[in-house]
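Welcome, and thanks for taking a look at this one with us. Please keep the sequence and the 3D view open as you read.

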Amino acid sequence: MRQSSKISKLTGLRAGFALFSIFALIGISGAAIAADTAPMAPPAAEAKAAAPAKPKIDPAVGEALYSNGDASRGVTACITCHGPKGQSAVSAWPKLSAQHAAYTAKQLKNFKEGTRANPIMMGMSAALTEQDMQNISAYLSKQPISQGVAQNKETIALGQSIYRGGIAAKGVPACAACHSPTGAGIPAQYPLLGGQWADYTNAQLLAFREGVRKNSSQMTAIATKLSDQEMKAVADYMAGLH
């Protein structure tokens, strides 16, 4: 009887050990399979290489496009209207030299999208890529500023008052608050206005007021509160800022 009991216990131990071994093997095999099927994270260098590199802004390329255009793509040279280095000779075309690159690029994009209406510029910008716009804007931002002078002595005081202090009674803020006391503006936010042709600035204020130009809700709100005389006075005053 004792012999039989010992045999039974030994048999039970062997069976238990065998069962444990089977489960252990299953666990090891499962882990190996999981390791084989789990996706491997790409090395950091490979992941970085997979992301497309952002094209570098090149003012030299912008200069070539500004001065010569690109006949193969139907791009007309900007210099024809805006003059060498962005210093236009007539008030019909704005001076672009030293203008903040972000502002110029935004205007070109707005022309192309149609959110700023101008038949000539909408046509000119149609063939430009975003990279073209960035390159041209970068080139212009590096050019010497073109200075001007106020022409109307009778309205300088009014223009100065509006530019520096606004018109409290009408809720018109001081232009200097955004465009700076010297008309230099704030990069990436507000454009350079000092030295710009008075006729051009006045035309833009009218366009904002009449709803023709719609790419700045802030300027539309301000322009709707200005009279013709006030627009002309502040535009002339800004022409002499530097």
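## Buried tyrosines

Here, a residue is called buried when its relative accessible area is under 20%. Y237 has a relative accessible area of 10%, so Y237 is buried. Y163 counts as buried too, because its relative accessibility is 0%. Please bear in mind that this is a predicted model.

## Aromatic pairs

How many aromatic pairs does the count come to? There are two aromatic pairs. One joins Y66 and Y139: the ring centres are 5.6 Å apart and the planes stand at 50°, so this pair is tilted. Y66 belongs to helix α3 (residues 59-68) and Y139 to helix α7 (residues 130-141), so the contact ties together parts that lie 73 residues apart in sequence. Y66 and Y139 are both buried.

Y163 and Y237, the two tyrosines we started with, also form a tilted aromatic pair, with 5.9 Å from centre to centre and 50° between the planes. This pair links distant parts of the chain, with Y163 in helix α8 (residues 156-165) and Y237 in helix α12, 74 residues apart.

## The largest nonpolar core

Which residues touch the most other members of the largest nonpolar core? They are Y163, L226, V234 and M238, out of 17 residues in this core. Helices α8, α10, α11 (217-223) and α12 each supply at least two residues of the core, and α12 provides the largest share, with four residues. As a general background, nonpolar side chains tend to be buried together in soluble globular proteins.

## The second largest pocket

Now let us turn to open space. The second largest pocket holds about 280 Å³. It is lined by 18 residues, and those closest to its centre are Q151, W197, A198, D199 and D236. Helices α10 (198-210) and α12 (228-239) each give at least two residues to the lining of this pocket.

What classes of residue make up the lining of the second largest pocket? Nine are polar, five are nonpolar and four are charged.

W197, which is among the residues closest to the centre of the second largest pocket, has another partner worth a look. The charged end of K95 sits over the ring of W197, at 4.4 Å from the ring centre.

Notes. Residues are numbered from 1 along each chain as its sequence is written. This is a predicted model: local features need pLDDT of at least 70, side-chain atom pairs count only at pLDDT 80 or more; totals for chains, interfaces and linings use all residues. Side-chain values use heavy atoms; hydrogens and water are left out. On a 1 Å grid over the protein atoms alone, a cavity is a set of points where a 1.4 Å probe fits but cannot get out, and a pocket is an open set with protein on both sides within 12 Å along at least five of seven lines; lining residues have an atom within 4 Å of a point. Grid points are joined across faces, edges and corners, and a volume is the space filled by probe spheres set on the points. Ala, Val, Leu, Ile, Met, Phe, Trp, Tyr, Cys and Pro count as nonpolar, Asp, Glu, Lys and Arg as charged, and the others, Gly among them, as polar. Rings of Phe, Tyr and Trp (its six-membered ring) pair if their centres lie within 6.5 Å; planes under 30 degrees apart count as stacked, over 60 as edge-to-face and the rest as tilted. Buried means under 20% relative accessible area, exposed over 50%, partly exposed in between (1.4 Å probe, protein chains only). A charge sits over a ring if NZ of Lys or CZ of Arg is within 6 Å of the ring centre and within 35 degrees of the ring normal. A nonpolar core is a set of buried Ala, Val, Leu, Ile, Met, Phe, Trp, Tyr and Cys residues joined through side-chain atoms within 4.5 Å.
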